[in-house]
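Subject: A structure for you to look at

Hello,

I am passing on a structure that you have not worked with before. Please open it alongside this note, and I will walk you through what turned up.

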Amino acid sequence: MALSRSLALAVLFIFLSCYAAVPSLATSDVFLQCLSAAIPEELLYTQSSPSFTSVLVSSIRNPKFSTPSMVKPLVIITPTNASHVQAAVLCGRQNDVRIRVRSGGHDYEGLSYRSARPEVFAVVDLANLRSVTVDQKAATAWVDSGATLGELYYAISKASNTLAFPAGLCPTIGVGGHLSGGGFGMLLRKYGAAIDNVLDATLVDAKGRLLDKQAMGADVFWAIRGGGGASFGIVLSWKVNLVPVPPTVTMFSVPKSVNEGAVDILTKWQEVAPALPDDLFIRVLVQKQVANFQSMYLGTCDTLLPLMGSSFPELGLNRTHCKEMSWIQSVPYIYLGSTATVEDILNRATSTTSFSKATSDYVRQAIPKDVWVQIFAWLSKPNAGLMITEPYGGKISSFPEAATPFPHRGGVLYNIQYMNFWSAATDGSAQTKWLKDFYTFMAPYVSQNPREAYMNYRDLDLGENAVVGNVTSYETSKVWGEKYYKGNFERLAMVKGEVDPDDYFRNEQSIPPLVASK
């Protein structure tokens, strides 16, 4: 059986090598038959399968994308090795069925498993490809795209208590999507973004070829590190650089209400946080009338206290605020709370009872004090959401904007994520209206021309692709593309034009192919 599947895959390669970019009239049944010839049927879930719905919703994080009206995939493919992914791409190309790829399902707009428009497509769900191999001596790791950040962090901690990886806070995030969009967390000022620590990758391209860094070439390797890997193929695994951390880190969480001086403290935080020593990261969660200052310091409380006393005395940090722990213990602490254990970060399941909508901004000039007063007024309105501010400076700001597709580097003071939530008892219209109105209010105080946004906080309200002649329009895509990528968007489109000129890997905010004129 394995030999016959290998033969079928080889035949598909030969077929596609002379396959013209003309849509096939083959039916969906032929596509499914093609898959079955190369992939075990127990790894394929069609819409008629009893397990289809449970597999589909297994990593849907936002219930607004789990409704009867959602445009669902024709089939969910759950590969266990690279040849299954190659076969899915080849069968899809042959039968004009596009592929979307899901690693952790955290995509804010759900585009890894649904289509916002009527379309026949399949999903490659990488949940079975989740191994992590740590080389402690070399301080590197190979991690599959289907692993979660929690699984990666846990594997690193088992190999060493003084190694870490600089990525996001949420342990249920899939590695594949996180790294392909940039990825940052509490270590961003010390070690940069996740993509700044990627050494190699394996990719199945639009021709079904399995490529490493050398084979894919410098341009594609550049593009998948921040430009959204799903536009250029399916990234199966990543080789990452691990970074040193001390045996003890110090966490603190200090809430300050408006009555306790939150406006003045936040106004000062904007100047202080991006300029602090790189070992100290202080983010702020602002909700209603309270600003909660959350921090990680790579060191002990004894060294943190004098540093805060001289650099940021306005916060009033004292020894009772300090929580000393190992780096791996900080992961559940900051995201799940003080009672959570390290093993809890291995839980891939998350609550899906809360509906949500998010968007983002970048701040390059400090927001005036009187505007912070107005911001707190906005956050106190009915149906209001929250904002999370994360300071830059340090390592993440040291790279040139063109070093990776992720362009938010020098000159950025901090990133803002706006979020709002609602329950099934309401349609969310009031909450989404508040978010849009607040975003409009913030326009004069954030980056401009373009108004920057973070790709991993994807927001279709920033713009959607238009398809002209079965290829995504470059001009219409610039509306959202330059917000995520600034001047790097054109280079991304040029790379797309080289490796996927037929625009096979496509979604509502995928990179369009820009083919250079001869």
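A word on terms to begin with: helices (H or I, at least four residues) and strands (E, at least two) are DSSP runs, numbered from the N terminus. This is a predicted model, in which local features need pLDDT of at least 70 and side-chain atom pairs count only at pLDDT 80 or more, while totals for chains, interfaces and linings use all residues. Residues are numbered from 1 along each chain as its sequence is written, and side-chain values use heavy atoms, with hydrogens and water left out.

Let's start with strand 14, where you will find Ala291. Ala291 is buried, at 0% relative accessibility (buried means under 20% relative accessible area, exposed over 50%, partly exposed in between, with a 1.4 Å probe and protein chains only). Leaving aside residues up to four places away in sequence, Ala291 touches Val254, Pro255, Lys256, Ala262, Leu266, Val284, Leu285, Val286 and Phe376; contact here means heavy atoms within 4.5 Å. Gln33, by comparison, is 56 Å from Ala291, C-alpha to C-alpha, with the two 258 residues apart in sequence.

Next, have a look at strand 6 (residues 140-144). Because 4 of its 5 residues are buried, strand 6 is largely enclosed by the rest of the structure. Two strands pair if DSSP finds at least two bridges between them. Strand 6 pairs with strand 5 (residues 132-135) in the antiparallel sense over 4 bridges, and 5 bridges join strand 6 to strand 10 (residues 234-241), also antiparallel. Thr140 of strand 6 is the bridge partner of Asp135, and Thr140 also stands opposite Asn241 in strand 10. The hairpin of strand 5 and strand 6 has 4 residues between the strands, and there Ala139 takes a positive phi near 55°.

That brings me to backbone geometry. Most residues other than glycine have a negative phi, and most peptide bonds are trans. Here are some exceptions:

- Asp96 has a phi near 60°. Asp96 sits in the loop between helix 4 (82-95) and strand 3 (98-102) and is partly exposed, at 34% relative accessibility.
- Lys288 has a positive phi of about 55°. Its loop runs between strand 13 (280-287) and strand 14 (290-297), and Lys288 is exposed, with a relative accessible area of 56%.
- The peptide bond from Asn449 to Pro450 is cis, with omega near 5°. Pro450 belongs to the loop between helix 14 (429-442) and strand 19 (467-468).
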